[in-house]
Amino acid sequence: MTDTVTYARDGRLARVTIDDGKANVMSTQTLTALAKAFDRAEADGAIVVLAGRPGMFSAGFDLKVFAGGDAEVIFAMMQAGAALAHRVLSFPLPVVAACTGHAFPMGAFLLLGADVRIGAEGPYRIGLNEVAINIAVPSFGIELARQRLHPAWFQRTVLTGEMFSPADAVQAGFLDRVVPAADLPAAVKSATDDLQKIDLASHAITKRRARGPAIAAVRAAIDAEIRLEAYQARGPSRVVLPGAA
């Protein structure tokens, strides 16, 4: 795929790995490469295993892009991220997220859209910290969180920017379980072995039925808010807050 995103087919599995050697920042280039990887997995009819590098699933959107204040560049990154989150949430084949470390907002959005989320134990932080860094949580991210996080944790997450340990991330709803880092590959293999026994056509139909309202809500949020003119209207100082008062 790219130097940052790799795609490896292994039977009925597609292993998509993000590794930029640093923080696995979600730049437009990385997001585009991930979208292409999911397109390829769908064409291959493969179950996706999405993983980061050891210690880092993803540090989220590229903050340098926000700081640069270029509305068109910010819009392109946000549009790519929103589209990818929607794609993962509605993907017709199972998606297993192997959370190898820290997962900041865009990385956490992908966890919220995946079907099975297994995290590595460690001194990692997972969550949506936008309000703590002067960014309003995008509406598509709020809808992703609403459909997956437990109600009390949803409020804590989106309104305060609180970040969680892997164990607390299970309680909140970002992860399904946590295992020692050394056991993560075996845990993922066990999960994918089980998923290869299910009927994938039935999975796709059931996912559409179960997630239909959430998928529609995320799509509506993207269409209403992720628009170039909304970013341009905010000007350089607040361009990351379309729709904010």
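Arginine 156 sits over the face of tryptophan 153, 4.4 Å from the ring centre (for a charge over a ring, NZ of Lys or CZ of Arg is within 6 Å of the ring centre and within 35 degrees of the ring normal). Trp153 also belongs to one aromatic cluster with Phe164 and Phe174. The model is predicted: local features need pLDDT of at least 70 and side-chain atom pairs pLDDT 80 or more, while totals for chains, interfaces and linings use all residues. Residues are numbered from 1 along each chain as its sequence is written, and side-chain values use heavy atoms, without hydrogens and water.

Six aromatic pairs are found in the whole structure; rings of Phe, Tyr and Trp (its six-membered ring) pair if their centres lie within 6.5 Å, with planes under 30 degrees apart counted as stacked, over 60 as edge-to-face and the rest as tilted. One of them, phenylalanine 109 with phenylalanine 140, is edge-to-face, at 5.2 Å centre to centre and 65 degrees between the planes. Because phenylalanine 109 lies in helix H4 (residues 105-113) and phenylalanine 140 in helix H5 (residues 139-148), the pair ties together parts 31 residues apart in sequence. Helices are DSSP runs (H or I, at least four residues), numbered from the N terminus. Phenylalanine 109 is buried at 0% relative accessibility, and phenylalanine 140 is buried at 1%, where buried means under 20% relative accessible area with a 1.4 Å probe, protein chains only.

The largest nonpolar core has 81 residues, of which Leu50, Met106, Phe109, Phe140 and Phe174 touch the most other members. H3 gives the most to this core, with 11 residues. Such a core is a set of buried Ala, Val, Leu, Ile, Met, Phe, Trp, Tyr and Cys residues joined through side-chain atoms within 4.5 Å.

Terms used. Helices (H or I, at least four residues) and strands (E, at least two) are DSSP runs, numbered from the N terminus. Buried means under 20% relative accessible area, exposed over 50%, partly exposed in between (1.4 Å probe, protein chains only).
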